[in-house]
Amino acid sequence: MKILVTGGLGFIGSHTVVELQNKGFEVVVVDNLSNASIDVLDGIENITGKRPIFEEFDLRDKPKVEAFFQKHSDVAGVIHFAASKAVGESVEKPLLYYENNLGVLVYLLQELTKKENANFIFSSSCTVYGQADELPITENAPVKPAESPYGNTKQVGEEIIRDTCKVTPNVKAIALRYFNPIGAHSSGEIGELPLGVPQNLVPFITQAGIGLRDQLSVFGDDYPTADGTCIRDYIHVVDLAKAHVKALQRLLNGENDGNYEVFNLGTGTGSSVMEVIQSFERVSGQKLNYKVVGRREGDVVQAYADTTKANRVLGWKAESTLDEAMMSAWEWEKKVRR
Ligand SMILES: NC(=O)c1ccc[n+]([C@@H]2O[C@H](COP(=O)([O-])OP(=O)(O)OC[C@H]3O[C@@H](n4cnc5c(N)ncnc54)[C@H](O)[C@@H]3O)[C@@H](O)[C@H]2O)c1
């Protein structure tokens, strides 16, 4: 069965391609390499023994999207990762984010509505919840006003899909709200490759650990948490990738409950910034150079998932511990910098 993975050479996409191929799916990747390296194809092939079909083009090119679906009329499902994801950049360049994250989504859905049967998985984010009133966060928690154009593209993206599904019964979709993906494949063949200064905690820590960054700034230690630092739900990227296969299979097998569903993907456990630093120090055997500085605008205090729905309905559960995920991220960092 042929599956289109957009952004399939990126961080989460590449790990998902591996899990799809491991389950016998035929994968076609579309990526414009704006935030990925062509070498990722080798990594995927080294792990799975199979090279996915690869088409390099920009999905903002609508005629190319149309031509793609004519050529690959046998695509049975689409997992849509391709997007721009830097929160800070989205504040500077909102239209780039609306064009890339929403324009492309519309083009894909326009093609899918033409099909007799279409199955669509969307990369959403826990940012849609903002600072939730209750923890852990269930899928029923209200969506709060977005803090950035990036966050807004995820909220509006979900609405675009929901509205489309409402009037198009032949399109079935699942939005997956990721908490904080970290780590790398245990083979060391693929992992996260941030361009420039990492925006996320774990790649910053591993880069600081290897000497690429002088010091990690911890943004605030006066939050109302046990050690005063912010709490997030860090999920191993391989666990996250496996959840995509489960969600896709649910749609392909017609097990879905309505043609638009939403799932949280996290571990269910919150870890503070200090606990993440301690995890790094444990698995790497070295001290991390960090300094507590002032709070950062827009940071929520705590966010961790209630994963009951994904556990029960998808039959999926995150298995890796924070230390295991951190170890894989550290092994990957050491390999890339060798
Ligand atoms: N990484 C996270 O922390 C996180 C959290 C929540 C949600 N998400 C979402 O998950 C998805 C994947 O994230 P990721 O971390 O793997 O990002 P990534 O940047 O590593 O992967 C995205 C891929 O899409 C490609 N791409 C972007 N725009 C494209 C276009 N117009 N045409 C073709 N290819 C294009 C990039 O080259 C890249 O390979 C994104 O939608 C992101 O918003 C990520």
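Which helix gives the largest share of the lining of the largest cavity? Helix 11 does, with 4 residues. The exercises below build on this.

The model is predicted: local features need pLDDT of at least 70, side-chain atom pairs count only at pLDDT 80 or more, and totals for chains, interfaces and linings use all residues. Residues are numbered from 1 along each chain as its sequence is written, and side-chain values use heavy atoms, with hydrogens and water left out.

**Exercise 1. Describe the largest cavity and its lining.**

Step 1. A cavity is a set of points, on a 1 Å grid over the protein atoms alone, where a 1.4 Å probe fits but cannot get out; lining residues have an atom within 4 Å of a point. Points are joined across faces, edges and corners, and a volume is the space filled by probe spheres set on them.

Step 2. Count and size. There is 1 cavity of 30 Å³ or more. The largest cavity holds about 100 Å³.

Step 3. List the lining. Gly 183, Glu 192, Leu 193, Pro 194, Val 202, Pro 203, Thr 206, Ala 329, Trp 332, Glu 333, Val 336 and Arg 337 line the largest cavity.

Step 4. Assign elements. Helices (H or I, at least four residues) and strands (E, at least two) are DSSP runs, numbered from the N terminus. Helix 7 (201-210) and helix 11 (322-336) are the elements that give two or more residues to this lining.

Step 5. Sort by class. Ala, Val, Leu, Ile, Met, Phe, Trp, Tyr, Cys and Pro count as nonpolar, Asp, Glu, Lys and Arg as charged, and the others, Gly among them, as polar. The lining has 7 nonpolar, 2 polar and 3 charged residues.

**Exercise 2. Repeat for helix 5 and helix 6.**

Step 1. Helix 5 (residues 94-113) and helix 6 (residues 149-167) pack at about 15 degrees, with axes 9 Å apart. Helix 5 is therefore roughly parallel to helix 6.

Step 2. The crossing is right-handed.

Step 3. Residues that meet include Tyr 97, Leu 105 and Leu 109 in helix 5 and Val 156, Ile 160 and Ile 161 in helix 6. The classes are 12 nonpolar, 6 polar and no charged.

**Exercise 3. Locate two backbone exceptions.**

Step 1. Most residues other than glycine have a negative phi, and most peptide bonds are trans.

Step 2. A cis peptide bond joins Leu 135 and Pro 136, with omega about -10 degrees. Pro 136 sits in the loop between strand 5 (118-125) and helix 6.

Step 3. Leu 33 is not a glycine, yet has a positive phi of about 60 degrees. Leu 33 is in the loop between strand 2 (26-30) and helix 2 (40-48).

Technical notes: On a 1 Å grid over the protein atoms alone, a cavity is a set of points where a 1.4 Å probe fits but cannot get out, and a pocket is an open set with protein on both sides within 12 Å along at least five of seven lines; lining residues have an atom within 4 Å of a point. Axes are lines fitted to C-alpha atoms, for helices over the stretch in contact, and angles run from 0 to 180 degrees between N-to-C directions. Angles under 35 degrees count as roughly parallel, over 145 as roughly antiparallel, 65 to 115 as roughly perpendicular and the rest as oblique. A crossing is left-handed if the near helix is turned anticlockwise from the far one by less than a right angle, and right-handed if clockwise. Contact means heavy atoms within 4.5 Å.
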